[in-house]
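Take a walk through this protein with the model open beside you.

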Amino acid sequence: MQQQTPYNNMNQMAPNMNHGGHELFDLHEVLACTINVLDQFMIFRQFVQDPELLDILDHQYSFTLYHYNLTAECFTTGQKPSQETQTYMIRNLSQPIYGIKPTQPKKPNQSLADVKDAGISAHMLGLIKSHASLLTMTSVEVTNPTVRRVLASQVQNFIEMAYEIFLYQNRNAYYQVPQLGTADMQKMLNTFVPAQGMPQMPPNNRATIH
């Protein structure tokens, strides 16, 4: 009787077992951090005063919860989730406002009565930016092709979510954007130029043809 090789065992592996060890730990971190984002948004909701910020929070909470469920499902089964990933759309897309105008100096809150939309939106932005980074780092390490696609498809969406919060903060002068002077900016813009023609690659003397 011919003994079955480990390779054949791998090919016949059940879909839900199609994960590398490192991937299992990474996905646990992703899902745990997604829960953290959701829980934090739920806590933030009671402090939000601006209806526009509340709409952003609720919209992003629903989107994040939907993709948490998709990720948990495909991670457990190793197969395509029952629903498709979605595309996040910024509802109030505006042009960034450049320049600095005077504002009150910032300092730590002395009590919960000091919690304002500026601080809440900053916490939201920090969570979403961190999660976008975590999704990116994790997706390039995932071996299961379905889980990799589900994670990778969320990266751009979380970037859009972060940009939406930035635009909200920018419109309200919570996140101001300084610029360099025109001369300095022009010098920085002209620092790099496209490569011309094809590079002359050196020969490889170590590769052998079998």
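This is a predicted model: local features need pLDDT of at least 70, side-chain atom pairs count only at pLDDT 80 or more; totals for chains, interfaces and linings use all residues.

An α-helix has 3.6 residues a turn, so residues three or four places apart point the same way.

Check the length of helix 2 next. Its 25 residues should span 36 Å at 1.5 Å a residue. The end C-alpha atoms of helix 2 lie 37 Å apart, which agrees.

Now step back to the whole chain. The protein chain holds 6 helices and 0 strands. From the N terminus on, its elements run α-α-α-α-α-α. Of its 210 residues, 32% count as buried. Take the contacts with a separation of 6 or more: residues 24 or more positions apart account for 79% of them. The accessible surface comes to about 14,500 Å², and carbon and sulfur atoms hold 58% of that.

Go inside. The largest nonpolar core has 34 residues. F41, F44, I120, M124, I128 and L151 have the most contacts inside this core. Helix 2 (21-45), helix 3 (51-77), helix 4 (117-139) and helix 5 (145-171) each supply at least two of its residues. Helix 5 gives the most, with 9 residues. Look at I120 in particular. Beyond its neighbours within four places in sequence, I120 is in contact with F44, F47, V48, L53 and V115.

Which charged pairs link the parts? D58 lies in helix 3 and R45 in helix 2, so the pair ties together parts 13 residues apart in sequence. D58 is partly exposed at 26% relative accessibility, and R45 is partly exposed at 40%.

E52 forms a salt bridge with R171, with closest N and O atoms 2.4 Å apart. E52 sits in helix 3 and R171 in helix 5, so this pair ties together parts 119 residues apart in sequence.

R91 and D55 meet at 2.8 Å, N to O. R91 lies in the loop between helix 3 and helix 4, and D55 in helix 3, so the pair ties together parts 36 residues apart in sequence. R91 is exposed at 53%, whereas D55 is partly exposed at 34%.

Finally, the cysteines. A search of the whole structure finds 0 disulfides. C74 is buried at 0% relative accessibility, while C33 is partly exposed at 28%.

Technical notes
Residues are numbered from 1 along each chain as its sequence is written. Side-chain values use heavy atoms; hydrogens and water are left out. A disulfide is a pair of cysteine sulfur atoms within 2.5 Å. Buried means under 20% relative accessible area, exposed over 50%, partly exposed in between (1.4 Å probe, protein chains only). A nonpolar core is a set of buried Ala, Val, Leu, Ile, Met, Phe, Trp, Tyr and Cys residues joined through side-chain atoms within 4.5 Å. Helices (H or I, at least four residues) and strands (E, at least two) are DSSP runs, numbered from the N terminus. Contact means heavy atoms within 4.5 Å. The expected span of a helix is 1.5 Å times one less than its number of residues. Accessible areas come from the Shrake-Rupley method with a 1.4 Å probe; for residues, only the protein chains shown count as cover. A salt bridge is a side-chain nitrogen of Lys or Arg within 4 Å of a carboxyl oxygen of Asp or Glu.
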